[in-house]
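Here is a two-chain model to walk through together. Please keep the sequence and the coordinates open as you read.

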Amino acid sequence: MPRVLNIHLGATFAFLYTPIAVLIVLSFNKAGLPTAWSGFSIEWYGKLASNPKILNAAWNSVIVATISTLIATVLGTLLALGVERAKPSPARDALLFAPMIVPDIVLAIALLSFFTLIKFTLGLHSIILAHVVFNIAFVCAVVRARLKGFDWSLAEVSRDLGAGHLVTFRKITLPLILPSVVAAALLAFTLSIDEFIIAYFTAGAGQASTTLPMQIYSMIRFGVTPEINAMASIVMLVSFALVLLAQRLNHGRLPGA
Amino acid sequence: MSPRFISWLLMAPGLLWLTALMIVPCLLIFVLIFFERGTYGGIDWSAATLENLTRAFDQLYFSIFLDSARIALIATVIALLIGYPAAYAIMKAPERWQTSLLFLAILPFWTNYLIRTYAWIVLLNPVGVINNVLTYVGVISQPLPLLYNEFAIILGLVYNYTPFVILAIYSALQRLDPSYAEASRDLGATAVSTFIRITLPLTTAGVVAGAVFVFVLSIGNFVTPDLLGGGKLQMIGNLIYDQFLTARDWPFGATLSGLLIALMMIALFLQAVASGQARGEHA
């Protein structure tokens, strides 16, 4: 029985990683055709570096992900600290879980309708506002998981010895939860930099607020080029690196959604 | 300052953000359901109507709803069939490997969804990797129609969401007290019977959590049917997209989204019931 299970696990890993491996191999493919092998080349990576549209989109994504991560990390961490001290509330838990499970397209059109109704101009800033929504919920979940095993007596001792709330937070609580907070931030950054539909609907028109996933989508949708394989490989390796770092910081644990 | 006040102070900014930019916009969706589109797009606020709701249950749109539910259901079942044994195998692996194996299983989930989906276009298309390999080996002489059909959509959904199923079931298995299964074996039950009568029922919460996640994200999916279905097969997410960006009938798009939200609430409720029952059984 264990043998069958292990074969199944091996096959599952093959299923999960073959598509990724194929893309990376093909990104070094010389031919213009992105699907058949014809010799090694790094030409497409060079093409990528000199494509102003892609560079601009990548830069926009970095801006959106950085700012939305900073806001969400602060708000989500405070939220987690508050929730762990407050009385349990199923309604509040549902509210905090909802952004992770509501279909992207629903949140996307809800925000587009809302922004349009209040006559809010769309652009990179509206994408940032939208990305903070799911990132807050996400950071909160990661930090809460860390606080579950947190020894509050350390903070109590500090308070008993006469330290104020802020001093206790800065000297005791924050240093202890910091690795999880940084891990949450790295994961939030990864989520934001990869997010497509919500950004697509809240970006407004024009190249000025096109993010990298929007650029990737239009490249896939309107003509396959070998450049996509190269870009896909870079984007995936960046995500892998960020997630690996987050996992190391979070004591080997990695939340799923 | 009382502890209660401090905890509210800490929660306030985050909860306000979620209220203003998630709850209010979603409530707006439910308001839009009762209005009609304006002559030039936008919304005609002059008269309320129930027409969007009756239209959503028209045969044309309702069959898209049913198709989406069917595709999501098939994807959910397959993801569970792949995910459960995989999670079980990770749990049975030597302890020092478990974290790494689990990490490896979830890692793809953290890469760009578009790219993971695009990878299947590269594999499945008529001159793609799979057809090339099969032709080269001589298994087929004509390329198989693997892409732009329901098969491709289901494959894409299973591929994208199986990692989450593995995670959900692994954490349920890990919470399970191994002495139950040991007792069952000691009393003479076979491994299979122990699994069916002890392990599986006690990990229902994990199965339901994984299933709800795959089902909800599949039925509301836009990218997978769009890229792997080739636009021929519409799912509810594509229909909503079209209403907003092509047909410019926002109230009708909002109506379809409202139905999706209702469906999501039902799924979450089922999950809450299942995890409540699981807690009761352990107590």
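## The model and its confidence

This is a predicted model, in which local features need pLDDT of at least 70 and side-chain atom pairs count only at pLDDT 80 or more, while totals for chains, interfaces and linings use all residues. Residues are numbered from 1 along each chain as its sequence is written, and chains are lettered from A and ligands numbered from 1 in the order in which they are written.

The model scores ipTM 0.90 and pTM 0.91.

Chain A has 11 helices and 0 strands, and along the sequence its pattern reads α-α-α-α-α-α-α-α-α-α-α. Here helices (H or I, at least four residues) and strands (E, at least two) are DSSP runs, numbered from the N terminus. The C-alpha atoms of chain A fill a box of roughly 70 × 60 × 35 Å along the principal axes. Of its 257 residues, 47% count as buried; a residue is buried if 20 or more other C-beta atoms lie within 10 Å of its own, exposed if 12 or fewer, and partly exposed in between, with C-beta atoms placed from the backbone.

Chain B comes to 13 helices and 2 strands, and its C-alpha atoms fill a box of roughly 75 × 75 × 35 Å, again taken along the principal axes. Buried residues make up 45% of the 283 residues in chain B. Two residues are in contact if their C-beta atoms, placed from the backbone, lie within 7 Å. Among contacts with a separation of 6 or more, residues 24 or more positions apart account for 78% in chain A and for 70% in chain B.

## Where the chains meet

The contact between the chains takes 70 residues from chain A and 74 residues from chain B. Several helices of chain A each supply at least two residues to the side that touches chain B, including α3 (52-85), α6 (124-148) and α8 (165-194). The most comes from α1(A), with 13 residues. By type, this side of chain A divides into 55 nonpolar, 13 polar and 2 charged residues. In that count Ala, Val, Leu, Ile, Met, Phe, Trp, Tyr, Cys and Pro are nonpolar, Asp, Glu, Lys and Arg are charged, and the others, Gly among them, are polar.

Not counting residues up to four places away in sequence, Ala119(B) touches Pro19(A), Ile20(A), Val22(A) and Leu23(A). Within its own chain, the C-alpha atoms of Ala119(B) and Gly156(B), 37 residues apart along the chain, are separated by 9.6 Å.

## The nonpolar core

The largest nonpolar core has 165 residues. Such a core is a set of buried Ala, Val, Leu, Ile, Met, Phe, Trp, Tyr and Cys residues joined through C-beta atoms within 7 Å. Leu111(A) and Ile136(A) have the most contacts inside this core, and helix α7 (residues 150-175) of chain B gives the most to the core, with 16 residues.

Ile136(A) is worth a look: leaving out residues up to four places away in sequence, Ile136(A) touches Ala72(A), Leu75(A), Gly76(A) and Leu79(A), together with Gly14(B), Trp17(B) and Leu18(B).

## A helix pair in chain B

The axes of helix α4 (residues 95-106) of chain B and α7(B) come within 8 Å and cross at roughly 145°. Axes are lines fitted to C-alpha atoms, for helices over the stretch in contact, and angles run from 0 to 180 degrees between N-to-C directions. Leu102(B), Ala105(B) and Ile106(B) in α4(B) meet Pro163(B), Ile166(B), Leu167(B) and Tyr170(B) in α7(B). The residues of this contact divide into 7 nonpolar, no polar and no charged.

## Two loop residues

Lys119(A), in the loop between α5 and α6 of chain A, has a phi near 55°, a positive value in a residue other than glycine. Lys119(A) counts as exposed because it has 6 C-beta neighbours inside 10 Å.

Arg248(B) also has a phi near 55°, and lies in the loop between α12 (236-245) and α13 (250-282) of chain B. With 15 C-beta neighbours inside 10 Å, Arg248(B) counts as partly exposed.
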